[in-house]
Amino acid sequence: MTATASAPPRPGVRERAGAYAKLAKLSFFDYYLCVLVVLALLPTAAWREASTWWVLVLFDLGWVGIVAATVALDDVTGLRDGSDARNYDPGQTLRARDRKPLLDGRLTLRQALRFGWGCAVGGTALWALTALLAPHRPWWALAAAAFSVVISVQYSYGLKLSYRGGQEAVIWLSTGLCVLVPFALLNGEMTGAAWLECFLFGLWSLMVSVYSNINDVDGDRAAGRRNLATGVSPGVYRGFIAALSLAETGAIVLAAAAGAVPWWFCAFLLPVVGMRARQAYAGLVAGEVLSARRQGVTIHRWGVVLLVAANLLLVHNG
């Protein structure tokens, strides 16, 4: 009798769904907290309007689709050029390799591509529906939404903006615009507080990525990715991160000085400033860049909590 090798069992529905959730990076939910910031910025009368809730829910679902498309296509490129295999080496205990289901074959390239483009189409359609249901449709908000879709989906695929010097700008702009667009669709115009929070929300996302880039610099350089980390000296890049950290505090103080927010608003964000200093020490002084990256995620989440609290008080007092 000849023994025959059995084929490996096909993954079940739950396993396949889990792999797609990893591909979409659903555990990294920070981007989607933008609607909480927007809701807290709106006049309380808007909370009683059904259109407010439709716009926020549909916008956020569309944003989930667009982000899922962005990170799925990024993983496709990362597998093809070998950068993910290098950057997610199993020896790096602070960076889980199971976040990349293409690396261990749980999903194929074809499946990832279909998923990525399907999410891009679905997310764009949901944003179009959001605009149709919105009480306001300023042209610049619609243009900002279209711009965000284009730069997000082309982040590491197609135009490959993150490989051509646009990585930092895309992260900052796309995440900042996810506050601007729904607020403009619901309020019709921007306020000083809304501009500040667009800036901060985008910056908070970037302050996670910049520390990842220090860790990934060798793999990114080998893959031909041209970002600031691969294009300048380590000292200059650390200076850039320090400048971003200071820009956060500067923007908050400048907004208060210009009357965009009251001075007490700054007090709500003092914990963020303190945590940012701790992050800078870990990443720039102690050299613990992946720990600093994790701290950036924590700062982003606490920042949203503090912004919501400050916004509610601001709107109530207004």
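This is a predicted model: local features need pLDDT of at least 70, side-chain atom pairs count only at pLDDT 80 or more; totals for chains, interfaces and linings use all residues.

These are my entries on charged pairs, one stop at a time.

Entry 1. I looked up the total and got nine salt bridges.

Entry 2. I started with Lys25, which pairs with Asp75; their closest N and O atoms sit 2.7 Å apart. I then checked where the two partners are: Lys25 is in the loop between α1 (13-23) and α2 (34-41), while Asp75 belongs to helix α3 (residues 50-81). That's a link between distant parts of the chain, 50 residues apart.

Entry 3. Is Asp75 buried or exposed? I looked up its relative accessibility and found 2%, so Asp75 goes down as buried. Lys25 has a relative accessible area of 9%, so I've marked Lys25 as buried too.

Entry 4. Asp75 turned up again, this time in a salt bridge with Lys100, with 2.5 Å between the closest N and O atoms. Lys100 comes from the loop between α4 (83-87) and α5 (109-133) and Asp75 from helix α3, so this pair ties together parts 25 residues apart in sequence. I checked Lys100 for burial as well: buried, at 5% relative accessible area.

Entry 5. Which residues join up in a network of salt bridges? I wrote down Lys25, Asp75, Asp84 and Lys100.

Entry 6. Last stop, Arg106 and Asp104: their side chains meet in a salt bridge, 2.9 Å from N to O. Arg106 is partly exposed at 30% relative accessible area, and Asp104 counts as partly exposed at 46%.

Conventions. Residues are numbered from 1 along each chain as its sequence is written. Side-chain values use heavy atoms; hydrogens and water are left out. A salt bridge is a side-chain nitrogen of Lys or Arg within 4 Å of a carboxyl oxygen of Asp or Glu. Helices (H or I, at least four residues) and strands (E, at least two) are DSSP runs, numbered from the N terminus. Buried means under 20% relative accessible area, exposed over 50%, partly exposed in between (1.4 Å probe, protein chains only).
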